[in-house]
Number of protein chains: 2
Amino acid sequence: MAMPASTTLLAWTRLLRAADLASQHCAATLRTLGLPPPEWYDVLLAIERSGALRPRDLQAALGTEQYALSRLIDRMVKAGLLQRVPCAEDARGYLLHLTIEGRAMRAAMWPLYAEAIETALGARIAEEDCTVLARLLAPLTEPISA
Amino acid sequence: MAMPASTTLLAWTRLLRAADLASQHCAATLRTLGLPPPEWYDVLLAIERSGALRPRDLQAALGTEQYALSRLIDRMVKAGLLQRVPCAEDARGYLLHLTIEGRAMRAAMWPLYAEAIETALGARIAEEDCTVLARLLAPLTEPISA
DNA sequence: GCTAAGTAGTTGCACTTGCATGGACATTCC
DNA sequence: GGAATGTCCATGCAAGTGCAACTACTTAGC
């Protein structure tokens, strides 16, 4: 039951603050443009990349809570971007495909999403620092065990 | 309108994922113990440190949205942890003080909050790396201009 | 093959959040 | 000193989230 070092606390507050600012900026930018929020893009991209995905695989890929994902999918299906198709090997689940509109939406979102990322992160930190940052953060992206 | 470098994108995804995992772990830990969420601690600490604070100063200190803070304060007042006292210099606002219970709650939360931080961050990264991380994140904790 | 246990996904309910707006006081400018 | 503008905080409403069940199918054990 070790207490955190002061440097740990500093990193903690900055990590949360930086991530919050960055994601807020991104979400706000897309919203202002009348586009869906960033999560939608992540879902569209993940599905496009693998052709078709089951909810549980999306869940693993995105780290979203299961119930949150369930409803997110609902919304995206209602919006006409995704399509549920019955799954042959497992009747409990289904496969998610992109519709034409889904594909178009992903393509339309990317440049604006990318620009927001550049503004929020790329333009605020040197590229070498970015590389180091990514390396340092790597272990923190794995599930927390204890 | 520059596009992000690939290293920027990697840092982006890791930053968001790491922060999400860490804060989720923390919130879940406190919740499991029957304690209020981390934001409450941050509010209690900020007020305790300065003796009394106005909502707008809290807002600046914590980076919370104005309406979110307004309701958060409401809940904490209802829970008996905070107390609103009229503000002499500005009748629009008020000063926030900790109640005895508020002070006790902050003290009670700290060891468990701290342990969660240690588990989520300190124990997963070398201390030198933590220092570097904090330094790299510093520019990202400032408000995004453009 | 039948039961028990596990996994995939959904949903009711209470709570929180986001956005837009509103009301109250303060400040500025004439 | 009075209107216009700005700042501080609250709130209605719609939408999202978290937790805890719940249904439906699958797998394991026997």
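This is a predicted model: local features need pLDDT of at least 70, side-chain atom pairs count only at pLDDT 80 or more; totals for chains, interfaces and linings use all residues.

1. Base oxygens of DNA strand C lie 2.4 Å from a polar side-chain atom of A:R92 and 3.2 Å from a side-chain N or O atom of A:R71, while a polar side-chain atom of B:Y67 is 3.4 Å from a phosphate oxygen. Two or more residues of this surface come from each of α3 (55-62) and α4 (66-78) of chain A and α4 (66-78) of chain B, with the largest share, four residues, from α4(A).

2. Chain A and chain B each bring 59 residues to their contact (heavy atoms within 4.5 Å). Together they bury about 5,400 Å², 73% of it on carbon and sulfur atoms (accessible area, 1.4 Å probe, lost on being put together and summed over both parts). B:W12, B:R124 and B:I144 supply 14% of the area that chain B buries against chain A, more than any other three residues.

3. On the side of chain B that touches chain A, α1(B) gives the most, with 18 residues.

4. Local features need pLDDT of at least 70 and side-chain atom pairs 80 or more, whereas totals for chains, interfaces and linings use all residues. Residues are numbered from 1 along each chain as written, chains are lettered from A and ligands numbered from 1 in written order, and side-chain values use heavy atoms, without hydrogens or water.

Conventions: A polar contact is a pair of N or O atoms within 3.5 Å; within protein, one must be able to donate a hydrogen and the other to accept it, and residues adjacent in sequence count only if both atoms are side-chain atoms. Buried area is the accessible area (1.4 Å probe) that two parts lose on being put together, summed over both.
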